[in-house]
Amino acid sequence: MTRFVTSILMLVAFALPSTALAADLAAGKAKFMELCVSCHGEGGKGDGPTGKALAAAGQPAPRDFTVGAFKFDTDKDGKTGTDADIKNIVSKGALAFGGNAMMAPVVLNDTDMANVIAYIRSLKQ
C-alpha cells in the first residue's frame with residue numbers, strides 16, 4: 001500500500017509542475033494585442049495598420065504567424081523558430097539578427113514572454 005501511495009504522489013508531483021507552468025493563452029493574447037497588433041494584425045497575419053504602411057513603403061512585411069515559419073536561429077542551436085529564438089526576436093528586435101526593423105517592446109517578464117510565445121504559436125493554421 002505504501003508503494004502505491006508513493007507512486008501516486010510521485011505522479012502527481014510530476015504532473016502538477018507542467019500544469020502550473022503551462023502558458024496562459026488568454027494573457028498572451030492580451031499582451032499581443034497591446035504590443036504587437038499594430039504590425040502583426042489581430043489574426044497575426046502581418047496585416048496590422050503599421051505593418052501595411054511598412055509594406056507600402058517598401059519595407060519587409062511583418063511576419064505572418066499563421067504560416068508558422070520562422071527564419072532566425074538566434075541562439076545558433078541549428079534550429080529556427082525555437083522558443084529561445086522567438087524570445088530573442090521579441091526582446092531584442094529582428095534587426096539585431098539581420099531582419100527588418102521590428103521594434104522590440106518593453107521588457108517582458110518570463111511569464112508574459114512565455115504567454116506571448118504560446119499565443120504566437122497558437123496562431124499557426
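How many helices and how many strands are there in the protein? There are six helices and zero strands, where helices (H or I, at least four residues) and strands (E, at least two) are DSSP runs numbered from the N terminus, and read along the sequence the pattern is α-α-α-α-α-α. The model is a predicted one, in which local features need pLDDT of at least 70 and side-chain atom pairs count only at pLDDT 80 or more, while totals for chains, interfaces and linings use all residues. Residues are numbered from 1 along each chain as its sequence is written, and side-chain values use heavy atoms, with hydrogens and water left out.

Some totals for the protein come before the details. Its accessible surface comes to about 8000 Å², of which 62% belongs to carbon and sulfur atoms; such areas come from the Shrake-Rupley method with a 1.4 Å probe, and for residues only the protein chains shown count as cover. Of the 125 residues, 29% count as buried, a class defined as under 20% relative accessible area, with exposed meaning over 50% and partly exposed lying in between (1.4 Å probe, protein chains only). Among the contacts (heavy atoms within 4.5 Å) with a separation of 6 or more, 39% are accounted for by residues 24 or more positions apart.

The pair formed by H5 and H6 can be followed in detail. Two packed helices are described by the angle between their axes and the distance between the axes. H5 and H6 pack at an angle of about 110°, with their axes 10 Å apart; axes here are lines fitted to C-alpha atoms, for helices over the stretch in contact, and angles run from 0 to 180 degrees between N-to-C directions. The two helices are therefore roughly perpendicular to each other, the class for angles of 65 to 115 degrees, whereas under 35 counts as roughly parallel, over 145 as roughly antiparallel and the rest as oblique. The residues that meet are Asp-83, Ile-86, Lys-87, Val-90 and Ser-91 in H5 and Asp-110, Met-113, Ile-117, Ile-120 and Arg-121 in H6. The buried residues of H5 are Asp-85, Ile-86, Asn-88, Ile-89 and Val-90, and what covers them includes H6. Just after H5, Gly-93 takes a positive phi of about 90°.

Another salt bridge brings together Lys-87 and Asp-110, at 3.9 Å from N to O; because Lys-87 lies in H5 and Asp-110 in H6, the pair ties together parts that are 23 residues apart in sequence. Lys-87 counts as partly exposed at 38% relative accessibility, whereas Asp-110 is exposed, with a relative accessible area of 60%.

Salt bridges that share partners also join Lys-31, Glu-34 and Asp-112 into one network.

Technical notes:
A salt bridge is a side-chain nitrogen of Lys or Arg within 4 Å of a carboxyl oxygen of Asp or Glu.
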